[in-house]
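Colleague: I would like to learn how to read the contact between two chains. Please start with the general idea and then turn to the case.

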Amino acid sequence: MIRYRFPEEKEALLHYAITLENKKVEEILHGDGIKSPEEARELATFFWKMVDQTVTDSDKSLDIAGYKNLESLCEDVMQSLRSHFIATGYVDIWEEESDKA
Amino acid sequence: MEQFKTTDDLREYIKSLGAFRARPAITGEHPTLYLNHEQGTMHHGVREKDYFFSTCRQWVLPHSQMGLSFSGHWSHLKDIMKIKTKHSKGNAVSVFWVLEAADIPNGLKFEVDKQDSQHYFLTVTEMMLTTQLAQKLSWVADRMSEIKDARKAL
């Protein structure tokens, strides 16, 4: 299970999973977190796509999970996801996808 | 003040610092205080969710796993820098850092995140006024070294 430091992180992740039409990530978020290397890569790749989308949404002053400036929200989400990748043993996949972003 | 042109140059420099605690900041942002009120609820530039506040929000209470976030490793710092750079609207992103062994004000202490050994909290170890915490965080910022416009190296 992903342990979020703040509840708005999950709200934002789910919002972007729906917006970016990523059913696999929705299932990971609704389930017990990542359970395979494939799911780990899907979630890590999705996170950086989400960050790109938050830049667009910030420029449009959209309100996402109660925030208009989404920079620090992305940092909070990143921290919770990094911790989950470490706890599940998939931090190398996180690093690989981070390097590509 | 240092400037770097490649990721390798910056990574090697960061590694050479030893045990550091770092925070990137976009030009115009403060290294340790949030002056942009669109980032959530703030009290004197301190994010409410970063610290354990009293009900009246006038006081901050000790907590070993709550505090301002700092990177303690290149890998963590790189991720935060990427987010900052994407949100920078083309402005420079600088890295502000202190050594683990550097003097920090009484009542503050770096604590490793129990969920991520590359991440640290600048925690409060004794009850203090919110205004005192803001002053102490500002004091820390004044003593941080700066790697100017580090996004060029990403």
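Modeller: Two residues are in contact if their C-beta atoms, placed from the backbone, lie within 7 Å. The model here is predicted.

Colleague: How many residues of chain A are in contact with chain B?

Modeller: On that criterion, 21 residues of chain A are in contact with 18 residues of chain B. H3, H4 (71-88) and H5 of chain A each supply at least two residues of the side that touches chain B. H4(A) gives the largest share, ten residues. By class, this side of chain A has nine nonpolar, six polar and six charged residues.

Colleague: At what angle do H3(A) and H5(A) pack?

Modeller: Helix H3 (residues 37-59) and helix H5 (residues 91-100) of chain A pack at about 35°, their axes 9 Å apart. Their crossing is right-handed. On the H5(A) side, A:Ile93, A:Trp94 and A:Glu97 meet residues of H3(A) that include A:Pro37, A:Ala44 and A:Trp48. The residues of this contact comprise six nonpolar, one polar and two charged.

Colleague: Which residues have the most contacts inside the largest nonpolar core?

Modeller: They are A:Leu43, A:Phe47 and B:Val95, in a core of 55 residues. H3(A) provides the largest share of this core, seven residues. Apart from neighbours within four places in sequence, B:Val95 is in contact with B:Ala22, B:Pro24, B:Leu77, B:Met81, B:Ile147 and B:Ala150.

Colleague: What does the model score for ipTM and pTM?

Modeller: The ipTM is 0.93 and the pTM 0.90. Chain B averages a pLDDT of 89, and 92% of its residues score at least 70.

Note on methods:
Residues numbered from 1 in each chain as written. Chains lettered and ligands numbered in written order. Predicted model: local features only at pLDDT ≥ 70, side-chain atom pairs only at ≥ 80, totals over all residues. Axes fitted to C-alpha atoms, helices over the stretch in contact; angles between N-to-C directions. Helix = DSSP H or I, 4+ residues; strand = E, 2+ residues; numbered from the N terminus. Left-handed = near helix turned anticlockwise from the far one by under 90°. Nonpolar A, V, L, I, M, F, W, Y, C, P; charged D, E, K, R; others polar. Core = buried A, V, L, I, M, F, W, Y, C linked by C-beta atoms within 7 Å. Buried ≥ 20, exposed ≤ 12 C-beta atoms within 10 Å, placed from the backbone. pLDDT = per-residue confidence, 0-100.
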